[in-house]
Amino acid sequence: MSKILFIFSVFLFVPVGSLADWAPKDSAPYEIVSSRDEFTVSKNGASSVVSEVTYRVLNEQGRSHLVLYGIPFVPDVNKVTVLKASSVTDGVETAVDLKTIKIQAAEGPSGGLSDSKKMVIPFTNIKVGSLVKYKYRDQQNKSLVPGHFSMQFLYGAMVPESDSYTVIKSDMPLQVAASDPWQSLKITPRQEGKLFILEIQQVKSLYKVPLELNPLIRRHQITMVEVSSSSDWKAYIGPVADRYEKILKVKDFPKAFQKIVDKAAKQEAVTDKIDIVTSELASIMTYSGDWSTFEKMFFPKSLAAIGGSKTGDCKDFSLATVAMLRKLGIDAEVAMTHRKSRGQLGVVVLDTISPEMPRQTLFNHAIVKVRTPNKVLWVDPTNIVSNSAYIFDDIAGSPAIEISRRATELEKIPYPQSSQSSIEFVKTYNIKEDLTAETNTKFEFTGSYAKYIAELAFSKSHKDATKLMMAFNRTNPETAKPFYEGVDLKSRLTHRYKGIEKAIGEKVMSEEKGKYSFFAPLPMILQGVFALANGNRATDLNIQSLSQEKVVLQVNGYDFVDHPHGCTIHSPWFTLQRTFVKTKTGFEVRDFVSFRMVEIPAEDLNTDKFKLSVGDVMECAGTQSVEVKKLQDGDTWEKRIGEYNSAKVAKLMKASGPGTVDASRTALHIIDNILSWDPKNKEMLITKVRSLRRVGYKSNLIDASEYYAEGKAILAVLSADYPSDPQVLWQKTWSSWFDKNNSEMISNFQKYHGVAPKNYDFYNLGGNVAERLEKSDAALGAYIKALEFAQDPNEKSEAMVNIATILLDKGEVEKGLSYYKMGALANPKNTWIQGNLMDILRRKERWDDAIEVGEAVMKDGGYGVARASLAKSYLGKADYLYRKNMHMNLKSEDGQKHLEEVEGLLMKALKNDSDCGQCLVAMGAVYRLRAVMSKDREMAFKAKAYYEKATKEGKIPPPVVSMSLHEIEQVISEPRMPAAGSGDLKAVGFTRSSRDLWR
């Protein structure tokens, strides 16, 4: 029964690293060579199994684990008999003396619902490569619910598994659910007379353990079979609930609990009553478990025993809490759930594939479910701290079921909202002459943040809790000495921590060559989170809980230099905003960060959009150190904000090409400063909507819908104040255009049409609306009118390109290209236009025109996409020349010139884009031609180098160049003169399609 274990234990074997994929076999400690399990199940739910397993030791870790191998069993439920055991090393089998087998005392995890004893087999004479074998019989004579049998089988989810076979012979019908994503199992149910038989045969070796942090393993990723004799949770939980209710019905209520009830009764709110109960219970009761018998594993002690000993496990804590809450008139039930452990690799969640099938192995923890008129509360009284309004992250997202006759199905405990777990503070820095700071921080922590502080205070020390508070307040404990006001670290109530932190001596400034820098660390939430998302993940990511931070860092006596952009990052998964704002006494750094998903799908994590969003965060990390200067006499606020005006913003918003995003970031920085002292400035609010769209631009393949959403929120406020304002309606139309909401776009444009001045903005927008509605003639007319009204190079260029696009779509190629070229010339700084024009020319195979445009772009510096496009233009011309002269005799003078011309074009291509895979292969082909013609080993080595670079870096699939490499290896290994008469393309192996040369 090696497979019948919780999956959570396996991750202790996996080394922490930056890899993100399924673990290789050699990372496992041992492998299952074979396993055979034969179950018999009776109608009363009792069962027995004979299990025979063979392991192979793969490394020293596995050797250490298997030398004292433990077979788990439940006291007074299982009778385990080891039939034989041995190790095989270097062909020599060493039997285990069965008399040396020992039983290890039961141990219980903190908060655990149950645990087992272990039958420990002491193997001898084992080393890496040894086989470890054992066979045993396990007879189970009790079940939580009489007449119920359930089991879960996992395959390849702990260690590699090659060959397993399980058969269940049951006197009662069995419900079966299976997940077999890797097609590794053959499952055969059948009936022989009154006997129901289920066979599970492994047909393929399997090892699927994620080598990544905080994995969420979904049902479609795990090979698992669930078996149950029932599909009715109500029938399953009913008998258990009756036992619990019997324990709860007592005549004499424990005095210790009645005192708590009397204290809680003085509170008004239900959550306050609950928190008094759980916090007072935690203060008088100590966690201690006794799982030595079946009854003690699954059923709590009597209330009198709990109240008398003031010790117990999670069942006892939960039962006592329910008893007291009911005394207070609160609807409460004990519930079972799965408490996630924070292991070496973080939180692991395994979906059940059959939520309708009752299974005892789903749960490891008891909590309390409370029904209030407004919502359901999931309360864990086993914790040393209390906050019933907040669901703690170790049970959030887990399956649960109340132990009640009302229970009908499995539930999922919800995750709290990000606003329920937050950090908020305003921190003021007064910089001293030695560049240290005196700081004053007014802070408030809620949710998990408050819980972490309280847990440290009670489980370790107030000093540790203080260090954590300093970290949350972004105060460096290595250089600062803190003092706190209004903080009570003795309270178990963790609704919030609210107070003032005063610190002295914190090092926040540095000086180098007369320049000063202020260090402003990014929000606490971000630290370490994105390390979990490196690379392409195989599993979903669990960040454990939603949370947010709202922070203001106020620096007195200094101002920042230039225009630090901060960052505005919106995504479906998180939001991060950092704003630098000038104040009358200095400046502020304002931060807001919020997560929107606890469980982030791997499909999301592996997208370009997620990677770009994370890249934006890494770029924002550069703002943690900002250059500052000390304020001097005469540096008034009015003087310092002199350039923060609408004219500066308007100029920046005229930027085009690759500089657009950076200019928009600067514009957004200035806008946010203006709005800090003039929050209702209509012009700046409208321009902020536009700048957000530009800041959110990643590429034409990555949507920026979250940036549009913030813009729409701003427009909603403006629309309420200015319902008929042309500028507002102009941007509302654009907003719906970007959202691709055609009905809203038409409605907004109709309103705009009636009040708007007929200028460039009007006709440009009209052309875009008509184009979206596929009215190309109307769009063309609007763009031509826009060109008439265009006032500056940017507007003229944009209008010409829009006209060109319509003409090209209509098939008027020459006219369209003419307008495109005029658009490029009208605004030569907009290299995006030139890059797009190059792509169009390349697709039309107008290589010389494309190269001419590309070289002009490169004179102004160029950018990555334009360089790649120019490289492909050179490649295209080389390919064209090759095809044009493919029957030329290459040994002739003209043939040699032809090859040199092709080589020169490819050299220019690789100069612009050294990673161009097709260019690398084409260059390899040129040198291969020369090598094969002249049996020149030097040329062959050059060809090989180009081919290998293309394949090694994944630019070209290896099969594409395998034939060519074979020819090259022949030249390298057998250098000789070419045969007489060879020299044309066909004679040296070019019988393939010409296109294959460059692929």
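The largest share of the lining of the second largest cavity comes from H4, which gives 3 residues. This is a predicted model, in which local features need pLDDT of at least 70 and side-chain atom pairs count only at pLDDT 80 or more, while totals for chains, interfaces and linings use all residues. Residues are numbered from 1 along each chain as its sequence is written, and side-chain values use heavy atoms, with hydrogens and water left out.

That cavity has a volume of about 70 Å³, and a search of the whole structure turns up 10 cavities of 30 Å³ or more. A cavity here is a set of points, on a 1 Å grid over the protein atoms alone, where a 1.4 Å probe fits but cannot get out; lining residues have an atom within 4 Å of a point. Grid points are joined across faces, edges and corners, and the volume is the space filled by probe spheres set on the points. Of the 14 residues lining the second largest cavity, Val379, Asp380, Asn387, Ser388 and Phe392 sit closest to its centre. Helix H4 (270-284) and strand S21 (376-379) are the elements giving two or more residues to this lining (helices, H or I, of at least four residues and strands, E, of at least two are DSSP runs numbered from the N terminus). By class, the lining has 8 nonpolar, 4 polar and 2 charged residues (Ala, Val, Leu, Ile, Met, Phe, Trp, Tyr, Cys and Pro count as nonpolar, Asp, Glu, Lys and Arg as charged, and the others, Gly among them, as polar).

Now for the helix pairs. The axes of H21 (residues 793-809) and H22 (residues 813-826) come within 8 Å and cross at roughly 165 degrees (axes are lines fitted to C-alpha atoms, for helices over the stretch in contact, and angles run from 0 to 180 degrees between N-to-C directions). H21 and H22 are therefore roughly antiparallel, a label for angles over 145 degrees. Residues in contact (heavy atoms within 4.5 Å) include Met800, Ile803 and Leu807 in H21 and Leu817, Tyr820 and Gly823 in H22. By class, this contact of H21 with H22 has 13 nonpolar, 4 polar and 1 charged residues.

Further along, H25 (residues 864-884) and H26 (residues 893-912) pack at about 165 degrees, with their axes 7 Å apart. That makes H25 roughly antiparallel to H26. Among the residues making the contact are Leu870, Tyr874 and Leu881 of H25 and Val902, Leu905 and Ala909 of H26. The contact of H25 with H26 has 11 nonpolar, 2 polar and 4 charged residues.

Key: Angles under 35 degrees count as roughly parallel, over 145 as roughly antiparallel, 65 to 115 as roughly perpendicular and the rest as oblique. On a 1 Å grid over the protein atoms alone, a cavity is a set of points where a 1.4 Å probe fits but cannot get out, and a pocket is an open set with protein on both sides within 12 Å along at least five of seven lines; lining residues have an atom within 4 Å of a point.
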